Amino acid sequence: MNSPAPSTTRAPKKPKIVVWILLAIAIVAAVIGYFVAQNNSPAADPAATEAGMEGQLVRENSRVLSQAPDEKAVLVEFLDFECEACSAAYPFIEELRAEYSQTVTFVQRYFPLPGHMNSMNAAVAVEAAAQQDAYEDMYKKMFDTQVQWGESADNKSALFRTYAEDLGLDVAVYDAVVADPSTEERVKLDIADGKALGVTGTPTFFLDGKILNVQSLEQFKDAVAATAAN
């Protein structure tokens with residue numbers, strides 16, 4: 001995803017401005033894609049559609065970033081670890097998670113974009129780490145280091161392997177999982193679900209089964225707060 005051109009009238013004042021610009025572009029693209037898909041689909045029973053969407057949105061093997069002990073809402077994010085907008089949204093999502101950890105469950109689905117050389121490699125690496133209960137550690141590692149490997153034309157799988165070493169994972173097990181074709185198939189299942197739901201870009205968010213359509217970070221937070229309070 002291309003970053004927006006910098007403003008010529010005023011200098012950026014806060015990191016959140018950059019976060020919102022990138023996040024807004026991703027959300028608008030996702031919303032457009034969602035409604036195009038809905039408009040091109042045959043009419044369906046609303047109850048059946050909602051049930052089907054829930055089944056695709058969160059599966060039994062979906063990666064739960066954090067489970068709320070008093071769950072009142074579920075926020076699902078389709079993400080690409082090489083996506084600049086996802087990286088920009090990352091600290092904001094962590095802020096939300098810290099504030100609403102008791103009432104909001106945060107789920108993440110892989111959605112590597114074909115235009116990114118290492119997005120699939122990164123997703124496979126994170127999934128391999130997840131199988132050693134290190135999903136969160138590797139997810140954070142990817143975004144913390146994205147500027148070092150993102151947009152590279154070279155395969156960065158060897159670099160991702162060093163991340164596994166840094167995190168103290170069993171590297172032999174990690175290597176085996178990365179090499180297993182079923183790991184990439186696991187990632188592709190998330191992609192298929194995302195496409196079925198109308199996801200066309202990243203990050204795309206769903207709050208309690210519905211695509212999150214907001215115009216600002218404040219609205220994003222307000223929407224989460226409202227569902228968490230129910």
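By about how many helical turns are Phe160 and Tyr163 separated in helix 7 (residues 157-166)? In this predicted model, the two residues lie 3 positions apart within helix 7, and about one helical turn therefore separates them. An α-helix has 3.6 residues a turn, so residues three or four places apart point the same way.

The structure contains 13 aromatic pairs. In one of them, the ring centres of Phe78 and Phe206 are 5.9 Å apart and the ring planes meet at 70°; because planes over 60 degrees apart count as edge-to-face, the pair is assigned to that class. This pair connects distant parts of the chain, with Phe78 located in strand 2 (residues 73-79) and Phe206 in strand 4 (residues 204-207), 128 residues apart. Phe78 is buried, its relative accessible area being 0%, and Phe206 is likewise buried at 0%. For Phe160 and Tyr163, the ring centres are 5.9 Å apart and the planes are at 40°, so this pair is tilted. Phe160 has a relative accessibility of 1% and counts as buried; Tyr163, at 3%, also counts as buried. Elsewhere, a single aromatic cluster is formed by Phe81, Tyr90, Tyr110, Tyr135, Tyr139 and Phe143.

The strands are arranged in an open sheet of 5 strands with the order 1-3-2-4-5 and mixed pairing. Strand 1 (63-66) and strand 5 (210-211) form the edges, each pairing on one side only. Strand 5 is joined to strand 4 in the antiparallel sense over 2 bridges, and Lys210 of strand 5 is the bridge partner of Leu207.

Helix 9 (residues 181-196) lies across strand 1, strand 2 and strand 3 (104-110), and runs at about 105° to strand 3.

Helix 4 is mostly covered, 11 of its 12 residues being buried. The buried residues of helix 4 include Ser119, Met120, Val124, Val126 and Glu127, together with several alanines, among them Ala122, Ala123 and Ala125.

Note on methods: Residues numbered from 1 in each chain as written. Predicted model: local features only at pLDDT ≥ 70, side-chain atom pairs only at ≥ 80, totals over all residues. Heavy atoms only, no water. Phe/Tyr/Trp six-rings, centres within 6.5 Å; stacked < 30°, edge-to-face > 60°. Helix = DSSP H or I, 4+ residues; strand = E, 2+ residues; numbered from the N terminus. Buried < 20%, exposed > 50% of the residue type's maximum accessible area, 1.4 Å probe, protein only. Pairing = 2+ DSSP bridges. Contact = heavy atoms within 4.5 Å. Axes fitted to C-alpha atoms, helices over the stretch in contact; angles between N-to-C directions.
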